[in-house]
Amino acid sequence: MEYDAIIIGSGVGGSITARKLAEAGVRVLVLERGDFIPREADNWSVDAVFFQKKYKARDTWLDKNGRPFDPGMYYNVGGATKFYGAALFRLRERDFEELQHHGGLSPAWPLSYNDFEPYYVKAEALFRVHGDDSADKTAPRRSAPYPYPPVPSEKIVARLAEKLSEQGIIASAMPNGVNSGAAGSCILCNTCDGFPCKIGQKNDAETCGMNPALATGRVDLKTNALARRLLLSADGKRIEAVEVEHRGETVRYSAPLFIVSCNAVNSSALLLRSANSAAPNGVANSSGVVGRHYMVHNQTALMGLSHRVNPTRFQKTLAINDWYFGDDKFGWPMGHMQMLGKLQGGMLTANVKYLPGFIGNEMARHGMDWIALSEDLPDPNNRVTLDGDTIKLSVTLNNMEGHLQLVKRMKKALQRSGYPIVVTKSLVAHATGHQCGTVRMGSDPAASALDQYCRSWDHSNLFVIDASFFPSSAAVNPALTIAAQAIRASEHILATDLKAG
């Protein structure tokens, strides 16, 4: 079979790119190292998902000291979005600009928010986002409203929003990618954030990208197909083929165009693994930046506890950005607060050693759950390298003062809202959720790997379309920005590289 484009990976970047190209008449091959996640009872089982870790990859990486760890990867059609909380935020306008933090400088992107805005509109439509950011004082300009109104908060969550408002804190609506209300048949359950959706009503990369792409009849999807390396032309200027391990065999696939969308760590690892005499430092890496500037957000979970039972099922409806860019007492950016999906007892005991089950159950029954996200800064020494065939992820935390200030403010706000005990848990050790930045885009080929459309400076027929391209991480979830850039890059590809049929 002859293909116009080969896409490696079926997460947000890969699946949305496949859909947009196929809808324009392009013949596409998608290579996914995992398989489909079946819709089954275990999708909503705390034991299967959190104790047995049924859907997580059996993968081992090394940390900066050479110690092995489980990175908690998901290799499947739809990537990590099968398990995400469907929080689909736009970056703020200032996130695209140079921004001074307490811990250093967040660099400017090679394009502005205004360049991105029309594609945010298109991405929100594809993911059928429910939201209303009119109360959020940091909300960026938008040329169109959200496709659907926000998911309403349940009674006890709405009461918390009122208590926060009495303190002058604005809890605005979370932008959710779920098919609730007029959008579909979502039942707003307590097994959304962290679980695959058994009824297919969470808008993820599979349901919004890969399934529509396959429906065109122009996309072939090969699962259990691990891309080992990219093969270059003799002059090193183009990708000629990808070498793939598929069901015990090594095969090669060729096409005029290649799109790498494996996630920030695995995309950079693939490029580094593809080094040869024409690209001794790795494919797309004449600048030396591939694998560097790894970012993942500084993250802390907070659980406010009170004597009241929290009966909420769908809890992920509120976000707070009041401290995003700082306040009168701390003049640097702090970050973003959002509600977590309702934690259940087993979810706590699966991830906290020595916590008795009955205590975890009671904490979950009485808890109100949040997560703090703050920007970590792009450090070239935070990087992905290879130790033989094993990925090594070397990370040193940075810019933590703003994050600690954010957690301090949220803890006090919860206590004043009737949650006198607030338990916190840092989530920064070996973190891989929200990973980005390892194949950064820019305007200078000497300091970046990709141009503003995610095309490799070194190889004209290679694109890297996933969170690898982020020059900075901002402080909100990256999924919508990946989708917007996938749409933007796809339109560029159609205009410059491939003829729509």
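This is a predicted model: local features need pLDDT of at least 70, side-chain atom pairs count only at pLDDT 80 or more; totals for chains, interfaces and linings use all residues.
Figure 1. W109 counts as buried, at 6% relative accessibility. The residue forms an edge-to-face aromatic pair with F469, with 6.1 Å centre to centre and 85° between the planes. W109 belongs to the loop between β6 (104–106) and α3 (113–126), and F469 to the loop between β20 (462–464) and α10 (479–496), so the pair ties together parts that are 360 residues apart in sequence. F469 is also buried, its relative accessible area being 0%.

**Figure 2. The aromatic cluster that includes W109 and F469.** One cluster is formed by F96, W109, Y113, F116, Y120, F469 and F470. The ring centres of F469 and F470 are 4.9 Å apart and the planes lie at 50°, so this pair is tilted. F470 counts as buried, at 1% relative accessibility. In the whole structure, 15 aromatic pairs are found.

**Figure 3. Arginine residues over tyrosine rings.** R33 lies over the face of Y75, 3.8 Å from the ring centre. The charged end of R92 sits over the ring of Y324, at 5.9 Å from its centre.

**Figure 4. The β10–β11 hairpin.** Strands β10 (residues 239–246) and β11 (residues 249–253) run antiparallel and are joined by 5 bridges. V242 has Y253 in β11 as its bridge partner. Between the two strands are 2 residues, and R247 in the turn has a positive phi of about 50°.

**Figure 5. The largest cavity.** The model has 4 cavities of 30 Å³ or more. The largest holds about 90 Å³ of space. It is lined by 13 residues, of which C186, C189, C192, C197 and Q201 are the closest to its centre. The lining divides into 10 nonpolar residues, 2 polar and 1 charged.

Definitions and conventions
Residues are numbered from 1 along each chain as its sequence is written. Side-chain values use heavy atoms; hydrogens and water are left out. Two strands pair if DSSP finds at least two bridges between them. Helices (H or I, at least four residues) and strands (E, at least two) are DSSP runs, numbered from the N terminus. On a 1 Å grid over the protein atoms alone, a cavity is a set of points where a 1.4 Å probe fits but cannot get out, and a pocket is an open set with protein on both sides within 12 Å along at least five of seven lines; lining residues have an atom within 4 Å of a point. Grid points are joined across faces, edges and corners, and a volume is the space filled by probe spheres set on the points. Ala, Val, Leu, Ile, Met, Phe, Trp, Tyr, Cys and Pro count as nonpolar, Asp, Glu, Lys and Arg as charged, and the others, Gly among them, as polar. Rings of Phe, Tyr and Trp (its six-membered ring) pair if their centres lie within 6.5 Å; planes under 30 degrees apart count as stacked, over 60 as edge-to-face and the rest as tilted. Buried means under 20% relative accessible area, exposed over 50%, partly exposed in between (1.4 Å probe, protein chains only). A charge sits over a ring if NZ of Lys or CZ of Arg is within 6 Å of the ring centre and within 35 degrees of the ring normal.
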